[in-house]
Amino acid sequence: VTERHEAEKRIAALQHRLTDSIDSSTDGMALFDDRERMALVNETYRRAFAHIPGAVEEGVTFEDHLRILWAAGRYPGRDASWIRLRVEQFRALEPVVNSVSAPDGMRHLDVRHFRTRDGGTFMVQTDVTERREAEAQALIQGQRLADAVESVGDAIGLFDADERLVLFNGAYAQLLGENADLLKPGVSLESMVWNLAARRFYKDYPGEWAQNRIQAFRDLKTVEYRIQRSDGERWMVARHFRIRDGGIFLVVTDITERMRAMQALERARSEAESANAAKTRFLSSMSHELRTPLNAILGFGQLLDMGQNRMPEEKRQEYTGIILKSGQHLLDLISQVLELSKIENRDIEIKPQTLTPAKMMRECVDMVWEEAKRRAVEIIDATGEGGPGVQFRGDPLRVRQVLINLLSNAVKYNRQGGRV
């Protein structure tokens with residue numbers, strides 16, 4: 001019997017090792033025979049219910065085992081009818097998750113059942129409390145993240161490592177407007193961009209721009225572009241960020257108002273520069289115009305001074321009239337210079353009157369006569385040949401400015417002894 005004795009020793013050793021392995025498991029294990037009577041439990045299962053009298057005893061049926069635990073308050077919130085449901089799950093080998101009351105609080109157990117060869121049932125229950133709490137916390141955090149993404153005014157899209165859309169917020173759908181039907185989880189960025197380009201969503205961009213847009217996404221480059229929607233043109237800036245799993249986080253910001261403000265600022269700057277240039281040109285030409293009546297005043301004043309005792313009264317009155325007219329014209333010019341705000345706004349007032357060409361020309365010739373005399377330039381005034389009935393409409397100051405400029409330039413750039 002030596003060999004049989006040795007075999008029995010080996011079997012006993014294996015059974016001992018198996019028992020030690022089962023007892024060392026952190027999962028609770030219980031074996032019920034074919035009549036649903038408890039035959040064996042491991043140490044983890046025993047510790048969980050040992051403090052409840054009769055709960056863990058060899059021979060107790062599974063249903064009685066449940067009733068003892070239920071009576072001890074281990075299944076809060078369950079009524080007696082639940083016991084029948086649980087027995088049916090046990091017999092049908094259905095996996096279940098039970099919430100049980102333990103000394104350290106509520107615990108969640110993942111329970112699985114397995115049929116043995118002899119018709120018994122092997123039950124394994126795993127404590128998944130920490131996992132379920134972690135899942136619940138992850139769910140809460142995920143919801144918080146979703147709420148945060150939804151609350152952001154910018155359009156946000158998350159793409160996985162294969163450039164497929166995972167999630168997006170309402171602002172992204174609002175951005176695409178009537179093209180929001182393209183926003184579907186799983187759609188590739190490349191497909192979205194080409195479809196949007198085909199629908200002329202991107203304003204005034206050629207087809208190859210779509211490929212550059214896709215490449216900018218992959219290279220994480222910032223891109224500014226315009227879009228065309230039913231409510232008008234908008235300016236956008238797209239930024240891209242790589243996340244840990246290789247995906248890309250896309251943020252699209254509407255910068256339309258900022259671009260409009262910049263354009264308005266540029267227009268204001270351009271208008272200011274134009275106004276300054278106009279003012280500079282005006283002052284440059286005005287300095288020339290001021291000299292002409294001033295020269296007339298000085299010239300005829302000197303003539304009056306030199307001929308005080310021997311100048312005929314008629315001549316004296318003529319020269320005095322020229323001085324007064326030149327002074328009035330000079331005063332008008334100075335008044336215009338002082339109204340710089342009107343010049344900057346290009347709001348120069350015109351006051352048309354009925355004028356006589358001969359009279360207007362005579363006044364202007366008188367103002368440049370002294371300069372013409374100094375340069376030996378003869379001025380021939382033939383405007384009176386049209387007759388005294390010839391008239392026209394114009395602003396005296398502006399007409400006088402034009403005529404004086406023409407006459408003074410004709411004298412200034414004439415040859416010695418020439419004629420105008």
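Student: What covers the buried residues of α3?

Tutor: Keep in mind that this is a predicted model. In it, the cover over the buried residues of α3 includes β1 (28–32), β2 (38–41), α2 (43–49), α4 (81–91) and β5 (121–127).

Student: Which residues of α3 are buried?

Tutor: In α3, residues 62–71, they are Phe-62, Glu-63, His-65, Leu-66 and Leu-69.

Student: How do you know that the buried residues of α3 line one face of the helix?

Tutor: Look down the axis of α3: its buried residues fall within an arc of 160 degrees, so they line one face. After α3 comes Gly-73, with a positive phi near 80 degrees.

Student: Why is Glu-163 called buried?

Tutor: Set the value against the cut-off. Buried means under 20% relative accessible area, and Glu-163 has 17%, so it counts as buried. Glu-163 sits in the loop between β6 (155–159) and β7 (165–168).

Student: What is the phi of Glu-163?

Tutor: Its phi is about 65 degrees, which is positive although Glu-163 is not a glycine. Glu-36 also has a positive phi, near 65 degrees, and is a residue other than glycine. You'll find Glu-36 in the loop between β1 and β2.

Student: What makes up the largest nonpolar core?

Tutor: A nonpolar core joins buried residues such as Val, Leu and Tyr through side-chain atoms within 4.5 Å. The largest one here has 28 residues, and those with the most contacts inside it are Phe-159, Tyr-172, Leu-175, Tyr-202, Tyr-225, Ile-227 and Val-252. The elements that each supply at least two residues of this core include β6, α6 (170–176) and β10 (248–254). The largest share, five residues, comes from α8. Apart from this core lies another, of 23 residues, among them Ile-83, Val-87, Phe-90 and Met-123.

Student: Which residues does Val-252 contact, leaving aside its neighbours within four places in sequence?

Tutor: They are Asp-154, Ala-155, Leu-175, Tyr-225, Met-236, Val-237 and Ala-238.

Student: How do α12 and α13 cross?

Tutor: The axes of α12 (residues 357–374) and α13 (residues 396–412) come within 9 Å and cross at roughly 35 degrees. The crossing is right-handed.

Student: Which kinds of residue form the contact of α12 with α13?

Tutor: Among those meeting are Met-360, Cys-364 and Val-368 in α12, with Val-399, Leu-403 and Leu-407 among the residues in α13. The residues of this contact divide into 13 nonpolar, one polar and three charged.

Conventions
Residues numbered from 1 in each chain as written. Predicted model: local features only at pLDDT ≥ 70, side-chain atom pairs only at ≥ 80, totals over all residues. Heavy atoms only, no water. Axes fitted to C-alpha atoms, helices over the stretch in contact; angles between N-to-C directions. Helix = DSSP H or I, 4+ residues; strand = E, 2+ residues; numbered from the N terminus. Left-handed = near helix turned anticlockwise from the far one by under 90°. Contact = heavy atoms within 4.5 Å. Nonpolar A, V, L, I, M, F, W, Y, C, P; charged D, E, K, R; others polar. Buried < 20%, exposed > 50% of the residue type's maximum accessible area, 1.4 Å probe, protein only. Arc of directions from axis to C-beta.
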